[in-house]
Amino acid sequence: MTQFLGAVAGGVGLGSIYALLALGFVIIYKSMRVISFAQPAFMLAGAVLVSYLSPSIGFVPAVVVGAIAIAGVALVVERVAIRPMVGKAVFVIAIITIGIDIIVRVVAGAFIGRDPRQVGDPWGIDAWEVGGVYIAHRHIAAFLVTSVLVIALFAFFRWTPIGLAMRASALDQEAAMAQGVSVGAVFAVSWALAGGLAAVAGVFAASGRTMDQNLWHIALAALPVIILGGLDSLGGAVLGGLLIGVAQQVVASYHREWFPGLDTNIGSITPYLVMLVVLLVRPYGLFGTKEVERV
Amino acid sequence: MLAVQNLEVVYDDVVLALRGVSLEVPDGRIVALLGANGGGKSTLLRSLSGLLDVHDGEIRKGTVTLDGASVGQLSPSALARRGIKHVLEGRRVFKELTTEENLRVGAHADRRNLKTNLERVYGLFPVLRERRDGQAGLLSGGEQQMLAIGRALMSDPRYLLLDEPSLGLAPRVVEQIRDIVVEINGQGTGILLVEQNATMALEIAHHGYVLENGRVVMDRPAAELREDADVREFYLGLGAEGEVASSFRNVKHYRRRKRWAS
């Protein structure tokens, strides 16, 4: 039981990271009908930037500044590389985002350097022990920060004029334009939000370990998360992220008992297995709209 | 005054939808735009509201002017801020948002008097106040049309471009919409009304245009159009004697002539 609870606690922490990444994917998808494959790069860039900032200005300000800076980078990338392509086939834009991903990742990766870098988080691998269950501080922090961000996002989409305009534009772009909504502004804000969220996710993914080039692999698991939650559902992204995070950690933890013959831990492919099973039952994801287009 | 001069619009670089149209919408008047399907009525509205881009349309010749200044190349949001609001054909409400959220999006172009405008719209359409927290997609067709018009009114526009507001509505609801259009006009908004329901449109309009194959073929005060024999026969469904055609036997038969010219 303690093993299970420990795995769940770790899964919630991991799932929070997935949720942040998946939210970025969903926000961009809703506004442009494109899956942006540049999210992993923004995540890595965010973590690298914070690792440079935190020794001088402290961890928390570094995360805030880092997230805003990466949001700015995403804004520029959208304006320069994506906006001229608006109106082209969705497929073309998706391919361009892959190119952006590679460029940003290589540039950010060049700053990692040879010495071990850390994001400078205050908790490291510390953990509380509650009745035999170890709960890492970083997982709690990830969960709390994600909760706050999710609440802030929902408030943003519900009450602010631009948030409301983004929802309207996701439902019917032409009708939103007729109301005076600038579609360019909607695209820009969605990319900035996605970039900022990815940067925060990167910080939590990198905390408790040293930075390496392969950090972005974590962002790939956000793809099954958004497919599972439904491409166009923010709530689905959050719940899907937590669900897949927990499933992955539980499988990883019980790997030895369940699959004694396998040497490689099956935990890392769990997100995809869960996605396959869910898609068999609900092809449009758990919370997605039924007629979501194919991409 | 909102006007177009010698406007030519091309879709996808090949389809010529408007061939030199000139039209004027004076402040505070109702102008009706009649014509068969494919005549270019919606295209004309799109060139006034900047929404041609969405449909790969492009102004090739001619100008769109607002008070004499050319506005043909402005974005839809810039035109909305200048007070030109387009109510799209087929209502196009944001179905998953609530009624009030729809209206708040409508105020996007000018949020200064949101409260007053909201009260004004609820005054014009009391049924929307009753359903303010319900999903817009669950409103009836007539209520959705009211919401679409109310949404456009939320930024207090100078000109309202209405694309077939009576589409698919019961006669009684059409009357309701008609009265509301008159009331909105009475409050000082200029209206360009595109309609298949020519009877309704000519009843309330001050001036009328008939558009066929991308050309203006008639441009007269509405009262004259109501009396014009051709308009009566083709658009008002009245026989040559002024009676509603009671049997298809009495409807004149025309042989279609195919011509490559014109």
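Colleague: In what order do the four strands of the open sheet in chain B come?
Modeller: A word on the ground rules: this is a predicted model, in which local features need pLDDT of at least 70, side-chain atom pairs count only at pLDDT 80 or more, and totals for chains, interfaces and linings use all residues. Residues are numbered from 1 along each chain as its sequence is written, while chains are lettered from A and ligands numbered from 1 in the order in which they are written. Strands are DSSP runs of E with at least two residues, helices are runs of H or I with at least four, both numbered from the N terminus, and two strands pair if DSSP finds at least two bridges between them. In this open sheet the pairing is antiparallel, and the order is β2-β1-β4-β5.

Colleague: Which are the edge strands of that sheet?
Modeller: An edge strand here pairs on one side only. In chain B that describes β2 (15–25) and β5 (69–70).

Colleague: Within β4(B), what is the bridge partner of Gln5(B)?
Modeller: Strand β1 (residues 2–11) and strand β4 (residues 57–66) of chain B pair in the antiparallel sense over eight bridges. One of the bridge pairs joins Gln5(B) to a residue in β4(B), namely Thr63(B).

Colleague: Nice! How many residues does domain 2 of chain B bring to its contact with domain 1?
Modeller: By an automatic or database domain assignment, chain B is divided into domain 1 (1–83 + 158–222) and domain 2 (94–156). Their centres, taken over C-alpha atoms, are 22 Å apart. Residues count as in contact if their C-beta atoms, placed from the backbone, lie within 7 Å. Domain 1 of chain B supplies 12 residues, and domain 2 of chain B supplies 10.

Colleague: And which element gives the largest share of the side of domain 1 that touches domain 2 in chain B?
Modeller: On that side, α2 (76–81) and α7 (171–186) of chain B each supply at least two residues. The largest share is five residues, and it comes from α7(B).

Colleague: What is the radius of gyration of chain B?
Modeller: The C-alpha atoms of chain B fill a box of roughly 55 × 45 × 30 Å along the principal axes. The radius of gyration is taken over C-alpha atoms, and the globule rule is 2.2 Å times the number of residues to the power 0.38. For 262 residues a compact globule would be near 18 Å, which agrees with the value for chain B, 19 Å.

Colleague: Is Asp56(B) buried or exposed?
Modeller: Asp56(B) sits in the loop between α1 (41–49) and β4 of chain B, with a positive phi near 60° in a residue other than glycine. A residue is buried if 20 or more other C-beta atoms, placed from the backbone, lie within 10 Å of its own, exposed if 12 or fewer, and partly exposed in between. Because Asp56(B) has 12 C-beta neighbours inside 10 Å, it counts as exposed.

Colleague: Over in chain A, how many of the eight residues of helix α10 are buried?
Modeller: The cover over the buried residues of α10(A) includes α1 (2–32), α2 (39–57), α9 (217–220), α11 (234–258) and α12 (270–281) of chain A. Among the buried residues are Leu223(A), Pro224(A) and Ile227(A). Helix α10 (residues 222–229) of chain A is mostly covered, and its buried count is eight of eight.

How values were computed
Contact = placed C-beta atoms within 7 Å.
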